[in-house]
Each structure stands twice: as C-alpha cells, then as structure tokens.
Amino acid sequence: MNPTSTSAWSVLSSQTQEMQATHMRDMFEKDPSRAQRLCTKACGIYLDYSKNRLTDAVLDQLVKLAEETGVPAHARKMFAGEKINNTEKRAVLHTALRNMGDTPVMVGGQNVIPEVREVRERTYLFARRVRSGEWRGFTGQAITDVVNIGIGGSDLGPLMIVEALKPLADGPRLHFVSNVDSLHLNQTLKDLDPERTLFIVASKTFTTIETLTNARSARAWLLNAAKGDKAAIARHFVAVSTNAEKVSEFGIDLENMFGFWDWVGGRYSLWSSIGLPIAVAIGPEGFNDLLAGAYDMDLHFQNAPIRENLPYLLALLGIWYNNFLGASSHVVAPYNQTLHRLPAFLQQLDMESNGKSVRAEGEPVHYATGPVIWGEPGTNGQHAFFQLLHQGTSLIPVDFILALKQPGQMEPHRTSQIANCLAQASALMQGKTQAEVQTEMRAKGVAEDQIAALLTHREFKGNRPSNMMLLDDLSPRTLGALIALYEHKVFVQGAIWGLNSFDQWGVELGKQLATGIEQRLGAEDGGQAYDASTEALINYVRTAKP
Ligand code: F6P
C-alpha cells in the first residue's frame, strides 16, 4: 500500500499547516497533563515523547498510517521467516537469534532455533576457553588481546556494544580494526604481542576487500613472529562467516569457524556469532543478557498496542518530521560516554536499511524515505553542533538517550550529566523569547542599546522537538532492548515507505569501481577508462610519489 494513498496520509497533510503554526510551549500550557500523558515505559526504557510537535489528533492519524500500510502484518511475516527481503529472496530473522521461546521458526521447512542455539553454545565454549586462559597461542601463552577484523555490520555492532559495556568487561582486551588504511591495523598491532594475540576475522561474505586485506597483513604479522610456522595460524585465527569455502581458502581451519546464515543481514548480525567479541569481552552470561533484552523488546514490539509501542512511536514520530514537517536529518545524542559509538552503529542500521528510492517491488518512490542519522555523545555535542540545533534554520529532531545507572558513575559528574541532558531538551522545546532576553539583560544592568543590538542573536525560537529516553541502567539487557528498539523503528519506517529494508544494492557500485581503479593505480598503463575527473586524479596520484 503506497502510504500517500492512505486516508491517514491525507489527513496528516491537512494537519501539517496547523502544526507548523503551533508552538509546543502553548501545547504544554493548554494541557497541563501533557507531560504525564505522552510518555511510556517498556523493557527498562522510559520514553518521554511529550516534547514533540504533535497533538493527539496527529498521533491518532500516525497510528492509522501504520495500520493502513499493513505494518503489523508485515512484522508478523518477518518474525515467521517469510522472505520479506524480496530482492535477495531471503528471510529476515535476526529475531530468531535471540528467540528465547519455544515457538519453532521455520526456514525452508526446517526449524532453525536448535541450530541457532547449537552454534551459540559453540561460541560460548570458545569464549570461555579464551577468557579462562585455556586457549593458548603457538608458544603456549594465554591470550591477552583479541583483534576483531571486520567492517560495517561485522564491526559496528560488536564495537559499539563492547565500548558501551566496557565497565563490565573482564576478559582479554578487545581491539577493532576495520579500515583498509594500514594505519588502522598497524597502530593497533604495534603494542601487541603476537604470541598472546587472537584474531577474529568477521565477514558474512568473506569477500570484503578491507577485511581480507587486513586479515592477510595480520596473518603475515603473526607468521613473522612464528618464523613462518603456518601451524601458528590455527592458534591465533578464528573466522565468523556464512562462507566456509572462502574461510578455508584463507587458511583458517573450519574447526575455528563460527557460522551464521544468509537470513541474517550484516547490520542485524551482532546477535549471531558476529557477537563473539562481545562474549569474549563480557562473558557468555553477559551476551545472553543482551539477547534477552532484545527478546524483551521483540515481545513488546509484537504485542503492545501501537500507541504504547516504543518502536512504533519512534518510527511514527520520525515519519511525521521526515514526511510532513520537513526535517531531513535526525540526531542521536547519547549522554553516556560509553555509548559514543551508538550514532555510528545507528547510521548503518538506519541509512543502509532505508536509504533507498525505490519501493520493494521496484517502482520509484515519490516521497521522502530514510533520513540522515548523525550525532555524538552529550555533553560534547553541546560544544560542537548544538548551536545549530538551537538557532539554525533546519528542523532536526533529537533522540536523547541517558542510562541513569552505570558502574563507575560518580558525583558530581552524574548529576551534571543528567542536568545537561534534561536542560538541552527543555531549551530546544521552550526556547527563550525576546521579552525574556530583555528582562534578563536588564536585570544585569545591560544598556538598552546593547540589548537592542543582541536581542535577535540571543533569542531562541524553541519548538525544536526531541525524544527523551531514560534507561534504568546500561546493562547488557537494557542495551539489548535499546538496540532492538531501533531495529524495529527502522523496520516500521521501511514498511510504511514500502521499502525492502534488508538489501543494500547501493554499496556495490563503489566497490566495483575501486577494484578497477586499484588496478589502474598499480599498472603502468591501459585498463578501464573512467570519467575525466577520475582520470585526472589517477594521473595526479600516479605522479605523486608514495
Ligand atoms: O556496507 C556493505 C556491507 O555489505 C554491509 O551490509 C556489511 O555489514 C559490510 O559490508 C561487511 O560485509 P561482510 O560482513 O560480508 O564483510
């Protein structure tokens, strides 16, 4: 169902003008219970969505939009293993990876849950052996450092979670190498001991050039220390992939391979063996809690009424700004420093899923789809881009995320962290009128001409929307729920826009061109010709000595 042909869409369009002209300050004034009404809690996450530019009437229509575009039915198809990734003819079953229930999940006539659990137990066993020191390197040393080599979904999720849960980490040190720029690998390896370093080569396809290039150089680094003894590889390299043939070709023993399935998308794969570095860092029990939190959110998403359903609420609010109020980007501002890689993770999750301009069946869209996702931890963002959020010309909704409890927090830092987060959301919504500026400056005895000169500079229009998510804690379980919340938000938006959120054809062309340009840069002459700009750049680079 094309969203623009729903009755909800036309009503929302008619409501847009009125909402453009309404200030949230006035909505709070008219309805003193607004703050209490427009909030809900699930899975350890309290969502206050009252600082949004919407009325109950708008929210009713947004709920109707989800119903008219068949989102609940599409969600049931996903959980049931139907091939909703239609262009790759695959099921989308990252939810099966954390399914703690007994309902079978069928793919190709087979219940996949037993195999999911069997593979997970193998990764847990391995993680325990590494953490306990039972797993030894080629000189009999225990492992002190684990280097995950992967990129995109084989990096961002595990990295984000290992960073987020660092206060709980009690295993070997984790390092993540992703960029093909050799400085990423070399800066990581320069302080490590090859005899005590284990590499996890994580790649769903095991064909990604950055990962293979880094893995080959890491292997050379190890073999150099092992004086060429190839037997050392088995002690220091394991692989996570769906492609056993390519893993074996690389020279990793399949005994040391942890598999997963093509019905797990890369950006949704942290719940699979791709999450091995997480289990090494915080232990299998911690990883299991992460899965359990995501499962909590899966049940909430499937069962809660849309009006109290966190993924639906975030998704529908995003559609309201993206498709009706003219916002084209969205900020994620975590106020816990250890969540510093959350925006980057959500960039791939959201923008690689919904950064598309054709519907699942191939016809072009004629409405906006996936927004630009960006952000940095608060309070740092307040000293970088919050100026634009407060006084810029763009409407940019903000998700504030703050875990109230985390090991290692202390005063007065914690109170300041919370105060800043709440203050920013309030300032964005409330603003500061010219009259308030005048009163404030007069109270400080500022001369009238000075006040007049600064009045418009110091005015805050306000009416800038945000969601406030307060997490009970930053535990694996709550973090798992938060990640699943965003996965399902992306799902709901993609379903309303009628997209296939689970393929990523847009990443192919760049990779394809890079292969040919790499050859041109290496060879003397001949080879594929490129556009004039690229030809000129190739010539320029070839003359610049390395
Ligand atoms: O960015 C393109 C992409 O295919 C992602 O979807 C994926 O997570 C990443 O590259 C890495 O792919 P692989 O895990 O197969 O190396």
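Q: By class, how many nonpolar, polar and charged residues does the lining of the largest pocket have?
A: The model is predicted: local features need pLDDT of at least 70 and side-chain atom pairs count only at pLDDT 80 or more, while totals for chains, interfaces and linings use all residues. Residues are numbered from 1 along each chain as its sequence is written, and side-chain values use heavy atoms, with hydrogens and water left out. Ala, Val, Leu, Ile, Met, Phe, Trp, Tyr, Cys and Pro count as nonpolar, Asp, Glu, Lys and Arg as charged, and the others, Gly among them, as polar. On this basis, the lining of the largest pocket has 16 nonpolar, 19 polar and 10 charged residues.

Q: Which residues lie nearest the centre of the largest pocket?
A: A pocket is an open set of points on a 1 Å grid over the protein atoms alone, where a 1.4 Å probe fits, with protein on both sides within 12 Å along at least five of seven lines; its lining residues have an atom within 4 Å of a point. The largest pocket is lined by 45 residues, and nearest its centre are Thr 205, Thr 208, Val 507, Glu 508 and Lys 511.

Q: Which element gives the largest share of the lining of the largest pocket?
A: Helices are DSSP runs (H or I, at least four residues), numbered from the N terminus. The largest share of this lining, 6 residues, comes from helix H20.

Q: Where does the ligand sit?
A: A molecule sits in a pocket if more than half of its atoms lie within 2 Å of the pocket's grid points. By this criterion, the ligand sits in the largest pocket.

Q: Which residues are closest to the ligand?
A: A residue is near a molecule if one of its heavy atoms lies within 4 Å of it. In this model, 14 residues surround the ligand, and the closest are Ser 154, Ser 203, Thr 205, Thr 208 and Glu 352.

Q: What is the distance between an oxygen atom of the ligand and an N or O atom in the side chain of Ser 154?
A: A polar contact is a pair of N or O atoms within 3.5 Å. A backbone N or O atom of Lys 204 lies 2.8 Å from an oxygen atom of the ligand, and for the side chain of Thr 205 the distance is 2.7 Å. For the side chain of Ser 154, the distance is 2.6 Å.

Definitions and conventions:
A polar contact is a pair of N or O atoms within 3.5 Å; within protein, one must be able to donate a hydrogen and the other to accept it, and residues adjacent in sequence count only if both atoms are side-chain atoms. Helices (H or I, at least four residues) and strands (E, at least two) are DSSP runs, numbered from the N terminus.
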